[in-house]
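Subject: Structure for you to look at

Hello,

Here is the structure, with its sequence, for your files. My notes on it follow below.

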Amino acid sequence: ARVLAGERPKPKVDLAALKLPPQVHVTNPAGDATVQQQSFVATVEAQDQGGGIAEVRLYQNSKLVGTHQGVSGAKSQYSFKVDLVPGENIIQASALSGERMESNKDPVRVVYEMPALSKPALHLLVVGINTYEDPKFDLDYAQPDAESIAHFFEQHGGLFSSVDTIKPFDKQSN
């Protein structure tokens, strides 16, 4: 409203007196990296450009994962523990000057390749009883069905490192 009324309001901050924010650079990992460990330590280097270093921040996939208070001096290094998610992770560092001006973000791409899971062993007990003491309870297909199930897993056990089958039938099942 004041601008539309013809006024020229001045900002509360003197823009000419603002000092440059720090420069940041992710030094570890350097460039794009592919890792097999889920956790690693990211190293960020911040350099004062005249405005001081008030705070250094690290982001993972646009989410803030850690901050460190700035240290006075021309150049400082900061370490952050990062837990990666499977696949691509974008790690970005930024820093704030004493006047809370944020630096440009320095992004690094890290790909976490999960190690292959080991296959479990299958221990299979199949029981098929066709013959009972009382002949009126006798069955025709219990033993062949149990043999078929055991055969299936022995031949198609690709999900397992090994298939160990125990097959007691009729009187062997006691």
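A word on terms before the notes: buried means under 20% relative accessible area, exposed means over 50%, and partly exposed is in between (1.4 Å probe, protein chains only). This is a predicted model, in which local features need pLDDT of at least 70 and side-chain atom pairs count only at pLDDT 80 or more, while totals for chains, interfaces and linings use all residues. Residues are numbered from 1 along each chain as its sequence is written, and side-chain values use heavy atoms, with hydrogens and water left out.

Strands (E, at least two residues) are DSSP runs numbered from the N terminus, as are helices (H or I, at least four).

Backbone

Most residues other than glycine have a negative phi, and most peptide bonds are trans. There are exceptions to report here. Arg-100, in the loop between E7 and E8, has a positive phi near 70 degrees. Arg-100 counts as partly exposed because its relative accessible area is 48%. Asn-61 also has a positive phi, near 50 degrees, and is found in the loop between E4 and strand E5 (63–69). With a relative accessible area of 36%, Asn-61 is therefore partly exposed. The peptide bond between Asn-28 and Pro-29 is cis, with omega about 5 degrees; Pro-29 is in the loop between E1 and strand E2 (33–35).

The loop between strand E7 (87–96) and strand E8 (106–112) also holds Ser-103. Ser-103 has a relative accessible area of 7%, so this residue is buried. Beyond neighbours within four places in sequence, Ser-103 is in contact (heavy atoms within 4.5 Å) with Pro-21, Pro-22, Val-24, Ser-94 and Ala-95.

Cores

A nonpolar core is a set of buried Ala, Val, Leu, Ile, Met, Phe, Trp, Tyr and Cys residues joined through side-chain atoms within 4.5 Å. The largest has 20 residues, of which Val-44, Val-56, Leu-58, Val-82, Leu-84 and Val-110 touch the most other members. At least two residues of this core come from each of strand E1 (23–28), strand E3 (39–47), strand E4 (55–60), strand E6 (75–83), E7 and E8. The most is given by E3, with four residues. Leu-58 touches, among others outside four places in sequence, Ala-42, Val-44, Leu-64, Phe-80, Val-82 and Ile-91.

A second, separate core has six residues, including Leu-122, Leu-124, Ala-146 and Phe-169. Leu-124 lies in strand E9 (residues 121–125) and counts as buried because its relative accessibility is 15%. Leu-124 and Ala-150 are 26 residues apart in sequence, yet their C-alpha atoms are 7.5 Å apart. Contacts of Leu-124, leaving aside neighbours within four places, are Ile-149, Ala-150, Phe-153, Asp-164, Thr-165 and Ile-166. Ile-166 is in strand E10 (residues 162–166).

Strand pairing

Two strands pair if DSSP finds at least two bridges between them. E3 and E6 pair in the antiparallel sense over nine bridges, and Ala-46 stands opposite Ser-76 in E6.

Which residues make up the covered face of E6, and which the uncovered one? Ser-76, Tyr-78, Phe-80 and Val-82 form the covered face, while Lys-75, Gln-77, Ser-79, Lys-81 and Asp-83 form the uncovered one.

Regards
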